[in-house]
Amino acid sequence: MDGNEPFQSERSDAVARYAELVRRLRAGKAIAPPPPDPADPLAALGHELVSLAAELSRREAELQRLFELVQNLEHGVSPEDVLDRIFEGFSDLIPYDRIGCAFLIDDGARLKAHWARSNLGPPRLLAGFSRPMAGSSLQQILETRQPRILNDLQAYLAAKPFSLSTRLVVEEGGRSSLTCPLIANGRPIGFLFFTSREADAYRDIHQAIFNQIAHQLSIVIEKSRIFQQIAYAARHDALTGLPNRALFFETLERALGRVGEDGALAVLYLDLDHFKRVNDTLGHPVGDALLKKMSRRLRRCVGQRGAVARLGGDEFAVIQGPIASAAEVATLAEEIGEAVRAPLAIDGYDIDVDVSIGAAIAPEHSATGDELLKKADVALYEVKKAGRGAYRLFKPEMTARAFERAEIERDLRRALANGEFELHYQPVVNLADDRIAAVEALARWRHPQRGLRPPGEFIPVAEEVGLIDALGEWVLRTACAEAATWPADVRVAVNVSARQFADGRLAPTVVDAVRGAGLAPDRLELEVTESAFLDNSEAVLSAMKALTDFGVRFALDDFGAGFSTLGYLQTFAFTRIKIDRTFVAGLPERRESSAIVRAISQLAQSLHIDVTAEGVETSRQMREVQQLGCTEMQGFLFARPCPSTELRRLLAQTRPSSAALGAAG
């Protein structure tokens with residue numbers, strides 16, 4: 001027998017024992033390696049191999065636990081929360097004293113670092129340092145997209161003293177670092193850092209493990225960013241960045257919960273006046289730029305006194321609080337008005353902007369967000385009805401008026417379908433030959449319960465709710481059909497609002513109505529007010545030119561009562577000017593009224609335009625307007641607006657002379 005056989009047998013037994021231990025490890029069972037035998041090199045080697053296998057098995061289990069943690073994180077968990085959980089649960093897996101993230105921001109131009117957790121002190125925020133320079137370790141990580149171990153940070157800093165991130169780590173006692181890139185959707189978004197106060201703390205196995213952790217963390221971070229972007233977009237206005245209606249109400253409800261403890265609060269409802277004019281005349285890009293600038297002005301103006309939101313379109317809201325009195329609300333409203341009205345230039349255009357503001361106070365007017373905003377809106381409507389560009393605080397009596405308006409709006413929507421509208425006609429008398437030269441068609445609403453309603457009660461509401469186009473078309477077609485039965489020398493005048501020009505369908509509708517009625521085009525006179533040119537002058541003038549080429553006449557109504565339109569008299573060939581009744585009412589007693597009427601008449605004569613005086617109610621006024629140069633008159637002196645049957649009787653009668661009218665006055 002060979003003398004080595006017992007030794008070989010013992011070695012075979014040792015190998016078999018270590019092989020069994022490895023099999024147990026592979027099966028996921030816990031083992032305790034036998035103590036090494038210094039006299040037996042093979043046993044010592046087996047011990048080391050089994051110990052290494054046990055360590056790898058333990059690390060594999062820890063890594064699997066880490067992967068499950070990261071993969072199971074909710075979408076809304078922040079990167080800091082992820083790092084907290086890693087720090088708390090896996091400090092035994094790898095040596096580190098700090099763990100943190102650095103994110104590329106400003107499209108990669110800068111880094112923003114946030115140390116989430118540390119054994120060395122509280123978290124630190126490191127923001128604003130520049131993107132890594134060429135040759136730095138971070139730049140190399142970005143380019144190679146591979147982890148980087150630095151086990152002697154002091155030596156590295158001595159070679160590259162410009163490395164700000166390394167200097168910060170060394171100043172806090174760090175001696176080793178492991179940095180892994182964070183890659184999401186194929187692009188680098190930042191870094192995952194581990195630092196240790198021990199020198200030479202990291203090995204290749206650490207690099208491999210935490211490169212995988214960084215990959216999982218990148219997925220979580222990207223999902224978190226997407227979630228945050230979606231959440232932000234859902235609660236903020238995309239154009240201005242202001243809170244939207246949803247976030248406005250969330251903020252308002254929280255603020256209302258503190259009313260009484262902190263004092264009262266106010267809601268201000270803002271509407272930019274004539275914003276549509278900017279969009280229509282200068283284009284939507286200018287309109288968008290205006291909204292952005294106004295948003296910044298509102299934020300600066302309100303400041304710490306409250307919160308600003310964009311509710312939609314040209315409407316904004318402000319939550320102001322806490323407040324001690326309504327005077328504070330009035331002061332803020334005045335300051336907002338001044339901020340909005342300040343000079344504004346966009347793309348070379350000087351733009352004049354004004355604002356209408358309504359407000360309500362909690363708990364005085366309401367304790368709920370919906371009701372508070374509704375009452376601020378009611379106050380805002382009062383401002384608009386009075387002419388815009390002002391501020392009103394809600395008063396209880398406004399509710400009754402708002403309720404009445406809501407009823408009118410509701411009834412108005414069914415009135416056209418139910419045939420509740422009718423036309424009344426008011427003659428226009430030629431002062432030279434005392435004959436009826438024209439008849440103005442005026443809409444009336446025969447309400448089932450309220451009786452006959454004047455146009456001033458429902459036309460503004462029809463314009464606001466978008467019914468003016470349908471109502472205006474009905475008036476036009478009905479008036480043309482009725483005029484076709486009158487004497488051929490009598491014109492019919494129909495009022496056209498600015499809103500009817502907006503959709504571009506006015507011109508073809510007029511042409512179709514005239515042709516359908518068999519009416520000569522020059523017998524139709526469309527009356528427009530000065531305000532029609534403010535919202536979209538280019539579209540208005542284009543439609544007017546097309547209709548003038550067709551043969552329709554145009555009259556400028558209520559001349560002198562609104563904005564200056566001398567430029568439009570030069571731009572467009574009106575056939576008639578109608579002097580506003582406010583100037584006629586002062587005749588003949590007020591010399592100022594006489595001077596204005598004379599000046600308008602002389603201007604019209606020089607432009608070969610006829611002049612009609614509106615609101616003539618006495619014979620003295622009739623004689624005065626005739627002497628001042630007016631060519632026609634309209635008013636109660638001759639006839640009030642009347643139904644078509646009575647108008648036909650007037651047209652059939654011998655028309656009275658001016659002398660007869662004067663004797664009657």
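Trainee: Where is Arg446 placed?
Mentor: Arg446 is in strand S15, residues 436-447; helices (H or I, at least four residues) and strands (E, at least two) are DSSP runs, numbered from the N terminus. This is a predicted model, where local features need pLDDT of at least 70, side-chain atom pairs count only at pLDDT 80 or more, and totals for chains, interfaces and linings use all residues. Residues are numbered from 1 along each chain as its sequence is written, and side-chain values use heavy atoms, with hydrogens and water left out.
Trainee: Which residue has a side chain joined to Arg446 by a polar contact?
Mentor: That is Glu422, at 2.9 Å. A polar contact is a pair of N or O atoms within 3.5 Å; within protein, one must be able to donate a hydrogen and the other to accept it, and residues adjacent in sequence count only if both atoms are side-chain atoms.
Trainee: Why does Arg446 count as partly exposed?
Mentor: Because its relative accessibility is 42%; buried means under 20% relative accessible area, exposed over 50%, and partly exposed in between (1.4 Å probe, protein chains only).
Trainee: Changing topic, what is the phi of His608?
Mentor: His608 has a positive phi of about 60°, although it is not a glycine. Most residues other than glycine have a negative phi, and most peptide bonds are trans.
Trainee: And is His608 buried or exposed?
Mentor: His608 is exposed, with a relative accessible area of 74%.
Trainee: Which residues does a cis peptide bond join, with omega about 0°?
Mentor: Gly321 and Pro322. Pro322 lies in strand S9, residues 315-323.
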